[in-house]
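Hi,

Here is the structure I promised to pass on. Have a look at it first, and then read my notes below.

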Amino acid sequence: MKYILQILLLLFAINNFGQTMYEAPQNNNLVFNTAELPVEYCSGIPDIGIELFNVQTVDPNFSLNFKLQYDLFSNSSIYYSTQEVGDFWRLSISSKITRRHKWQHLPFYNIDLPKTDEMYYEVTPNNVTRDEPDTFIYDIFGLTGKFYFKRENNQFKIVIIEQNDYAKIEFINTPLIVDQDGYTKYKITSFTITDKNGYKYFFNTYSTYDLAQVDTEGRPYLYPFEYYLSSIQNRFGTTLCEYNYDGSHKIRLSSRIENYYYKSRQVLQEIKINNIGKVELELESEIKNTITLKNTINQQLKHIDLKYNGYQHIASNGVWKKNALQFVDIYSKDLSDKQTYSLEYNYNQLIPNATINRSGFLVREDKCHNFSHAHRNYLYYDYGVLSRIINPMGGFTIYEFEPNDFYDKTFDGSNDLDPINTEKYRNNNSNNFTFVNVPLTHQPLKNRYIGNISLINNSNFNTIFVNYDARLYDSDPLRPNLNKFPKLKVQTLLTQSSTGALLSNLDKKNVICDLGYKIDVINTPLVALEYDAGYHHLYNSFTLKVIKYKPDNELQRLLYGQGLRIKNVKYYDKIDPDEEWNQEGISFPPSKEITYNYRNFLNPNASSGVSFYGSSQGGFVVSSTKSYSDLIFYENVSVEVSGLGKTEFTFSNPLNQKSHSERILPDKIVKKDQNGNIIEENIFSRTFKEFNPSASGINKQPIKTYEKVINRNYVNGNSTPLELITESRFDTISRNLTSKKIINSLLNETFEEQYTYVKHNDSYLPKTVSKFKNGIALNRSENFYAIINCIQNNVVNSYYNLSNTKVAKANLPLEVENEYTKYSCAGKLLEYKTKDGVYVSQIWGYNGAFVVAELHNIRYSEINQQILTNLISASNLTDLNYSENNIRNLVDDLRTAHPNAKIKSYTFNPLVGMTSMTDVNGRDEFYEYDNFNRLYRIKDHNSLILKEYNYNYKN
């Protein structure tokens, strides 16, 4: 993705209406905004998605964004499937906690099986912890982290080892009991994760592994493997939505392990959005899935069909089967029209029969080389990978991928330029050598040809490739019906007249590659090819080839790694009907093109990639990776946009930065114009604190506490840049921004903002904001909170909410800006008082989802209770007499009952949008939506059109 540096000149502002207040940025990664792709430049993994729709919950600060997200890892690896939308697409609203466990080998079954914490503590009940405990990884709409369990006083506690933001984690487990056989039993059954804004995410549903067939005691045993999001609750205790699953499904892709244990899989069936509606999902069919959005009275507002095309490839060690999403049909609300996304994949590439899979990735085997030389012997390619998305209203995007690469000093710590690594690059990168013919001299009296390898400069003396072509003996009248080819002996010679030592006796039937036979020799420059005496006429040709290396200064200093990265993205805004085009070539230029390069900035022949896994001599264990982005990280990445120039990103020591939860941050960003001139650069420095020192023996993610950004802007090509320095500090627990200082050296000015927070229950709420210029106070604000007691169903619920805000200029005393005087039990603001002493009341309708009327100059308790009750009831869609006119008539009754109040009112179509607004003078404005529930037209009270919208797709 493109990172755009933002210098945040935060303005002192407080919203005077409702609950919305100014809050400081609360995430310690907000130095950047992300745009375009990929998600993480450092890994080359693209963010490709299709937006479906957005659902606003009854909490105005929380919505569910339904989006299809492409998973390159699952698309390109045989062993992985998203198990959601086909095999390599996901739904953005899905969240789960996944257990990663240590595997144990069972010799009797000759398989590897998971050894879970439960199994471990059954056998060793007195142990406090494991050397390699199960780790649990969560991802909740971008809130990510990792933890494990530690045992204390016969109880288990959570030890957090990674988090990209603050989260509190709780769990429920079955009690430790000893069964009749003397085994200690327990099982982790659910989790609750609370973020710093007080939202609680409940994980009460889980999938299981069934180890019954391998239990030597014959006892069936199920243990949870993945925990699924079950419900979401805000800090006021309101349930926003509930997830329902069908747990009767098995894992879709097969493996050898599945013959011995089975995994149940939970499939999402429904999301109930409290007092708003529901989303129904059918995601199990391999032909067509559906997603349907309905309101509270079961009216269908959106229907989406997901259609699939299955494909498979028979590899030398198994069958690769994948279910590819091909069409996304988004229907109008009355199903009379639809808009379709068409997805195309790279199926047209011819695949040789020798294709195998290596660590889960399809590769093309080259029989001429040793199996161990993975990076030369195997050509990685993108069969079946996403290649194009065609938009519903014209235009499309083409994606091109390429294999990962890396340089090898990661593995031995030596200098990348030393002779050992140079030899690796020569032998294991096919771009660094060619196969050349060695001239042959015929010695007819000795029935042989002589080749001198030393005549080929910069060649490999240790390996030769010999091939020959011959006719069957049957063509000779002296040897009828033999059905054999004459053979060829390969020998080494000390001199051209000497007798050689036999290396190989070749048979034409056994040639395994185009080069012929691969034969190892040991620094012997002279090679003899001896044919059958008297049968020279049956031989058509002889070839002797050797590997000739490029000069050292021309070597590509890289090795090819597992997996793919994004190389190029082309955007076409519209398909020209007058032009012919196909998958092989497009005859009109793209409207925009983005090209990615991962070479070392100082040496364009060298890769900047580094890796935890793999080497020049083999692959890596895919099951040990946390995500696809763990394969290769790049220290240098350039992103060039057609017509705009390019941006260069530098990542120092990405292997040391990487955790599951945290984005790898750049150390330098340089923007250049089309001529290569620097127009802007940003240089970063950071300090970190160890996150959890007590989590010994496990890699721990550090917490960023300080970040400094030097921004240099070369305006109009000036060689002397304008420079801004931004210094940010962060709290180590909440991760909230605590101060931001901006230094302008040109104007000799320093602006600073300081923030504090207060923790109430499980929420970190903004407390103070103070602003300074050159060390002199400009203004400050402070929020005050009070506990709110609410009785529902004879139960007292207590929560904190804003009671008043105070502001002050310079060092003057604080003065009240707003007072928040009444809330509902759901935390909705019902009444507040402005600094001018005016009371404002808000009536929440549509089951508490939207404000239907705002009344100035009247207290909530003074509102006519009969009209208030009728208005709240009439706004609910489940009311049999629901109509927007009825709501507007009741608001008119309010105006009559309270002539001194200034009243503004609204009507809504929940899950669609606002349908009308009436101002304090009684003038209406109406909002109309098209058949796809998009805002189409705005009219005034005289039905005159104020605005009209047309929709197109671009990029």
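Where does pLDDT stay under 50, and how many contacts beyond four places in sequence does the model have there? The stretch is residues 614-629, and the model has 57 such contacts for it. Here pLDDT is the predictor's confidence in each residue, from 0 to 100, and a contact means heavy atoms within 4.5 Å.

Some ground rules: this is a predicted model, where local features need pLDDT of at least 70, side-chain atom pairs count only at pLDDT 80 or more, and totals for chains, interfaces and linings use all residues. Residues are numbered from 1 along each chain as its sequence is written, and side-chain values use heavy atoms, leaving out hydrogens and water.

For the chain, the mean pLDDT is 81, with 77% of residues at 70 or more. Residues 370-378 have pLDDT below 50, and that stretch has 40 contacts in the model beyond near neighbours in sequence.

Now the helices (DSSP runs of H or I, at least four residues; strands are runs of E, at least two; both are numbered from the N terminus). The axes of helix 7 (residues 865-874) and helix 8 (residues 884-897) come within 9 Å and cross at roughly 160°. Axes are lines fitted to C-alpha atoms, for helices over the stretch in contact, with angles from 0 to 180 degrees between N-to-C directions. That crossing angle makes helix 7 roughly antiparallel to helix 8 (angles over 145 degrees count as such). Helix 7 brings I867, N870, L871 and A874 to the contact, and residues of helix 8 there include I887, L890 and L894.

Finally, C790 and C825 form a disulfide (cysteine sulfur atoms within 2.5 Å), with their sulfurs 1.3 Å apart. C790 lies in strand 58 and C825 in the loop between strand 60 and strand 61, so the pair ties together parts 35 residues apart in sequence.

Cheers

How values were computed:
Angles under 35 degrees count as roughly parallel, over 145 as roughly antiparallel, 65 to 115 as roughly perpendicular and the rest as oblique.
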